[in-house]
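Here are my notes on the model, as numbered points. Please read them with the structure open.

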Amino acid sequence: MWPSFSLNRPLAWMGLAALMAMAWLPFASLRLAALAIVVVGLVDCWRQVRREHRRRQLSEEALKLSEDGVVITDSRNRIVTVNPAFTQITGYTHDEVHGLDSSALSAGRHDKAFYDRYWQTLHATGRWEGEIWNQRKHGDQFPEWLRVQSCPDERGHVTHYVGLFTDISRHKAREQDLRRIGFEDPLTGLPNRRRLHDMLTSRLQRLRAGEGLDLALIDIDGFKAVNDGLGVDNGDRLLARFGQRLAAFVAGGVVGRLGGDEFMVIRTTTFDDHEKWITSLREHLSEPFELNGNSLRLGLTIGSCRAPEDGSDSGILFQRLESALYSAKRHGRNHDRRFRPSLEVEGDRQLALVNELRRALAQGGQLELFYQTQHRLIDGALVGMEALLRWRHPEQGMISPADFIPLAERHGLMTALGNWVIERAVAQQASWRASGMPRVPIWVNISALQLIQGDLESRLAASLAQHKVPAAMLGLELTESVLLDERAGDISPRLEALRSQGHQIAIDDFGTGYSSMAYLKRLPVDKLKLDRAFVQALPDDRADAAIVVAVLAMARGLHLEVVAEGVENQAQCDFLIEHGCPLTQGFLFARPESVDAIEARYLNASQAVN
């Protein structure tokens, strides 16, 4: 800190005394000596003045260099001076604001109670810090992070206030983008599954006497054929227009997209006309859609239920909607079915499939792991592999994970499946290390139930020790829903322990759940896997491009690597490279492949080189 200005200057006081004594000294030699002392005192005073002047110059230069805005006001809150950053942020020059009350810059978003608390804190502690909204010269409002310090004199009376503020509008915009990623479907702008759960819970809690909720889960029949015939871009446009038409029909209700071609509708009503409402909903949505000169009529399969008759819990109602939808699909397309209790106990294909899955786990001959390689974008170098579970049924052939994974979650088989995947992936890693395959980590997906059960750590440690595989060669991928699952408790210490053992931690399908900077900062995470939903429309879709750029910027700030999923063409690759995305996992480089195919591609190639 600078030394304070002081009157404790002996030479100056001696010079003043000598000046006063010169008139009384009898001899010229004495007067000359006194004059010399006066000159020395004046030189000392001049040096003190020069030092103070230089100190003030340096302080002003430091304020000019600051990127934070600085404003100094007097005791009546009148602006005394500002720095250049203040002008750059607000648009106001020093002359325009000099003498103004600083409250003249307020955006008017805060009430009197806010400012009462502000002044109360400032007077009590001498300091205030927080977020506040102000207004620029041209009228647009912006948020700033403000720190204010009072400056009292020697008697303790406040003479000035010094304020230091930072424009946080970019941070706010980034938070809004991330919040949109977490709660909105990126294609249609409608609420996603997580947001629909929250909204359904809220509506259930606010139901009044005589009111009910009509719920419908709508699946577009044969939408894959639309994509194949008209192209993915036109398919996306059709989904967006379908969502718009649905939202217009149930104005005042809730419309959301669960994913793919599934939409959900929630209506609060006092009428007992559920079946009539479903019929009118179908008629409205069956009107033709005009798309690039083509007139398309869509077939719809609808599962529906009503609250509170069919349940008063959002999770249960979602399950019953899906049961009704699956029942409608089993009876052929373009049907609708309302939930009834018998649907939960019907001996349908789902129950049969669950029994077959249990048998496959017990016998171990039908399940296998495919591997999709991960690559460095800039040069295509192999950096890792993700283990993907596949079920090769002896009669039905290859069964999609989208069909059996939800059943495994619903019927308590996810822990057994997850443990099987860990064991096979570690064994495969050991085999590949011994055979000369490229030494890259294998990534496995971890379910919420594996964390809830509590023996994940011991299971991993035992398998790694048995096969003599370093923990660094087995990465763990967790979805955002797993990280936020309250049943698993605070998983941060557990992830930290796994990370300390050498495992890398990645968040899978980033952007499809609630993505907040707060939990990313708190959790021990190494990588983010950007969901393919935000990559597939790059670089043409401006909204997806903005989201991807925001996520990449956020990841750099948090020192996290990003793996972009679903990269399928060179244009997507070039966009990601341009904006600093280091890694990818997509069809442009490799599809999921069996162990034999992976070995043929890498092991045989390395042997040929040798």
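1. A salt bridge here is a side-chain nitrogen of Lys or Arg within 4 Å of a carboxyl oxygen of Asp or Glu. By this rule the count comes to 27 salt bridges. The model is predicted: local features need pLDDT of at least 70, side-chain atom pairs count only at pLDDT 80 or more, and totals for chains, interfaces and linings use all residues. Residues are numbered from 1 along each chain as its sequence is written, and side-chain values use heavy atoms, with hydrogens and water left out.

2. Glutamate 457 and arginine 494 form a salt bridge, with the closest N and O atoms 2.9 Å apart. This pair links distant parts of the chain, 37 residues apart: glutamate 457 is in helix H16 (residues 456-467) and arginine 494 in helix H18 (residues 492-500). Helices (H or I, at least four residues) and strands (E, at least two) are DSSP runs, numbered from the N terminus. Both glutamate 457 and arginine 494 are buried, where buried means under 20% relative accessible area, exposed over 50%, and partly exposed in between (1.4 Å probe, protein chains only).

3. Glutamate 275 and arginine 338 also meet through their side chains in a salt bridge (3.4 Å, N to O). Here too the pair links distant parts of the chain, with glutamate 275 in helix H10 and arginine 338 in strand S12 (residues 336-338), 63 residues apart. Glutamate 275 has a relative accessible area of 48%, so it is partly exposed. Arginine 338, at 26%, is partly exposed.

4. Which residue forms a salt bridge with aspartate 379? The partner is arginine 376, and the closest N and O atoms are 2.8 Å apart. Aspartate 379 counts as partly exposed because its relative accessibility is 48%; arginine 376 counts as partly exposed at 35%.

5. Salt bridges also link Asp214, Arg267, Asp273, Arg306 and Glu309 in a network.

6. The axes of helix H9 (residues 232-249) and helix H10 (residues 274-285) come within 10 Å and cross at roughly 140°. H9 is therefore oblique to H10. Angles under 35 degrees count as roughly parallel, over 145 as roughly antiparallel, 65 to 115 as roughly perpendicular and the rest as oblique.

7. Leu32, Leu35, Val39 and Val43 make a nonpolar surface patch of about 350 Å². Patches are made of residues with over 30% relative accessible area and no salt bridge: like charges are joined within 9 Å, nonpolar side chains (Val, Leu, Ile, Met, Phe, Trp, Tyr) within 5 Å. Valine 43 lies in helix H2 (residues 28-65) and, at 44% relative accessibility, counts as partly exposed.

Note on methods
Accessible areas come from the Shrake-Rupley method with a 1.4 Å probe; for residues, only the protein chains shown count as cover. Axes are lines fitted to C-alpha atoms, for helices over the stretch in contact, and angles run from 0 to 180 degrees between N-to-C directions.
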